[in-house]
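The sequence and the structure are shown first, and the description follows.

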Amino acid sequence: MAYNYEHGPVVNPNAPEDSLEAKRPYVDNGTDVVSPDRYYSPEFMAKEWERMWPRVWLIAGPRTDLREPGDYFVFNVGPESFVITLDDNHVVRAHYNVCPHRGNQLVLNERGSVPRFTCSFHSWSFELDGQLNSITDEDSFRPEVLCPRPQLSSVRCEEHAGLIWINMDGKAPPLKEYIGLPEGYLESYRIEDMFAVRHVSSEWAANWKNGIDAFYESYHLHAVHPQTSTVMDDLGVQYDLYPNGASRMIVPICKKSPRVPDQESVDAGLEFMIRDAGADPTQYEGSAIGVREFIQRSKRVRAEKLGLDYSELSDAQLTDSWATGIFPNVQIGLHPEGAFLMRFLPHESDPNRFYYDTITLFRPADDPSYTVPAWMGLPEGMDTSGETRPDTEHVGIGEPAGLGLVLDQDSELLPVVQKGMRSRGFRGPLWGEQEVRIRHFHKELDRYINGEK
Ligand code: FES
Ligand SMILES: [Fe+2]
């Protein structure tokens, strides 16, 4: 069957029109070919820093990373660094990570808990909300130097759907308007009940947009991740575009790719998924085609037993991945059990590098025997109770990140794409209709770069 590019595949044709899973109307983003220099030129990188990064809402981290007043974590993006903290009134605050005295970085640890911030250079101290607490030997300053009273430079900071968002621009539109996703979309997954169980920041030798592009389509699965074909329907992926550069793909999981000749037998991959849903593969008598629905039913039953509320999630949401992109640099792989919060963070200075920063979030239940699903790829022996926040693991270029086979495959591929793109012989990417999310993302980026936003 020819690809219907005005519609593409639809995961649930019976979804009510106003439901979150309904197919969105086609957005015509044209057929332009962008110049490849956006992926490697320092000039384009500088423009992004001048016109885009300081003006957009960025996800600094999950809300559950801050539990008590004084808890803080550092969020770095490109050359900027922020301290995110919970103040004494339980308000989340975001400050530039810099001391107003002589510009020392205020906080050096990635996370911690303090009653107030004290600078390591001359011990000036600041309250959690950014107000000045004390200046060492204050009488040695002429009063004019301390007028106005120094305090931390703060940025806008909001909580939404269990996530902490910041914006460096005082004039940026309100967060809810900016996100572009319908009300209830992120909320239905209850990220506020999820805890970081793993955090890996690995450096890749590619531009951050190359990371975005690779994670925004399922077109490469058959070639780069062929092992997924027994459990993912790469040709049945529903691509939807939302305002302001947001987008999603619904990847049907627990379903074989139509590229697999044998559509009937329940092989090891599907058996693994059945077991992971708390069911027994020997109890399942149907063919591979019915496994997805069987798993959906099993997960509903298990959730009820565990007291996990799945009432806002459709059956398809129980198996499928809703890979959701929020402009500019986030994709969240949303699942009922948890989420992968992936951020594509530009390098401080080199357009040919970025950080693939991924936080695995898990929603625990009261029953401790219920733990992170095996497909989420957590190494053995990690604490999944949500009680301790794991340290961020930092992985250098070319080192194995230990994120599982699929991500190892991507991390090997992207530097090669980055190198290829820099050839004089490459004229720019030719995006097809399985790559509509990529085009949608670049269109939005262009609006910032061209001064339309
Ligand atoms: S630079 Fe922070 S106290 Fe001097
Ligand atoms: Fe990939």
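Strands E15 and E16 (residues 338–346) are paired in the antiparallel sense, and 5 bridges connect them. In this pairing Gln331 has Met342 of E16 as its bridge partner. The two strands make a hairpin, with 3 residues between E15 and E16. The model described here is a predicted one.

Strand E15 also pairs with strand E14 (residues 321–326), again in the antiparallel sense and over 5 bridges. Here Ile326 is placed opposite Val330 in E15. E14 and E15 likewise form a hairpin, and 3 residues lie between them. Strand E15 (residues 330–334) has 4 of its 5 residues buried, so this strand is largely enclosed by the rest of the structure.

## The chain as a whole

The protein chain contains 9 helices and 18 strands. Its radius of gyration is 23 Å, close to the 22 Å given by the globule rule for 453 residues, so the chain is as compact as a globular protein of that length. Along the principal axes, the C-alpha atoms of the protein chain fill a box of roughly 80 × 55 × 45 Å.

Buried residues make up 39% of the 453 residues in the protein chain.

The domain assignment divides the protein chain into domain 1 (1–53 + 183–453) and domain 2 (58–171). The centres of domain 1 and domain 2, taken over C-alpha atoms, are separated by 32 Å. Domain 1 gives 20 residues to the contact and domain 2 gives 13 residues.

On the side of domain 1 that touches domain 2, the elements giving two or more residues are strand E11 (195–204), E16 and strand E17 (354–362). Strand E16 supplies the largest share of that side, with 4 residues. Sorted by class, the side of domain 1 that touches domain 2 consists of 13 nonpolar, 1 polar and 6 charged residues.

## The largest nonpolar core

In soluble globular proteins, nonpolar side chains tend to be buried together. In this chain the largest nonpolar core has 90 residues, and the residues with the most contacts inside it are Ala60, Ile84, Ala339 and Leu361. At least three residues of this core come from each of domain 1 (1–53 + 183–453) and domain 2 (58–171).

Which residues is Ile84 in contact with, leaving aside its neighbours within four places in sequence? They are Ala60, Gly61, Tyr72, Phe73, Phe75, Val92, Ala94 and Ile164.

## Strand E2 and its partners

Strand E2 (residues 71–77) is largely enclosed by the rest of the structure, because 5 of its 7 residues are buried. E2 pairs with strand E3 (residues 80–86) in the antiparallel sense over 6 bridges, and in this pairing Phe75 is opposite Phe82 in E3. The hairpin formed by E2 and E3 has 2 residues between the strands, and Gly78 in the turn has a positive phi of about 55°.

Strand E2 is also joined to strand E5 (residues 111–113) by 3 bridges, and these two strands run antiparallel. Tyr72 is found opposite Gly112 in E5.

## An open sheet of three strands

An open sheet is formed by 3 strands in the order E6-E7-E8, with antiparallel pairing. Strand E6 (117–118) and strand E8 (132–134) are the edge strands, each pairing on one side only. Strand E7 (residues 125–126) is joined to E8 over 2 bridges in the antiparallel sense, and Ser125 is set opposite Ser134 in E8.

## A covered helix

Helix H3 (residues 208–215) is mostly covered, with 8 of its 8 residues buried. These buried residues of H3 are Trp208, Lys209, Asn210, Gly211, Ile212, Asp213, Ala214 and Phe215.

What covers the buried residues of H3? The cover includes strands E11, E15, E16 and E17, together with helix H8 (405–421) and helix H9 (436–449). Of these, E11, E16 and E17 also give two or more residues to the side of domain 1 that touches domain 2.

Notes
Residues are numbered from 1 along each chain as its sequence is written. Chains are lettered from A and ligands numbered from 1 in the order in which they are written. This is a predicted model: local features need pLDDT of at least 70, side-chain atom pairs count only at pLDDT 80 or more; totals for chains, interfaces and linings use all residues. Two strands pair if DSSP finds at least two bridges between them. The radius of gyration is taken over C-alpha atoms; the globule rule is 2.2 Å times the number of residues to the power 0.38. A residue is buried if 20 or more other C-beta atoms lie within 10 Å of its own, exposed if 12 or fewer, and partly exposed in between; C-beta atoms are placed from the backbone. Domain bounds come from an automatic or database domain assignment. Two residues are in contact if their C-beta atoms, placed from the backbone, lie within 7 Å. Ala, Val, Leu, Ile, Met, Phe, Trp, Tyr, Cys and Pro count as nonpolar, Asp, Glu, Lys and Arg as charged, and the others, Gly among them, as polar. A nonpolar core is a set of buried Ala, Val, Leu, Ile, Met, Phe, Trp, Tyr and Cys residues joined through C-beta atoms within 7 Å.
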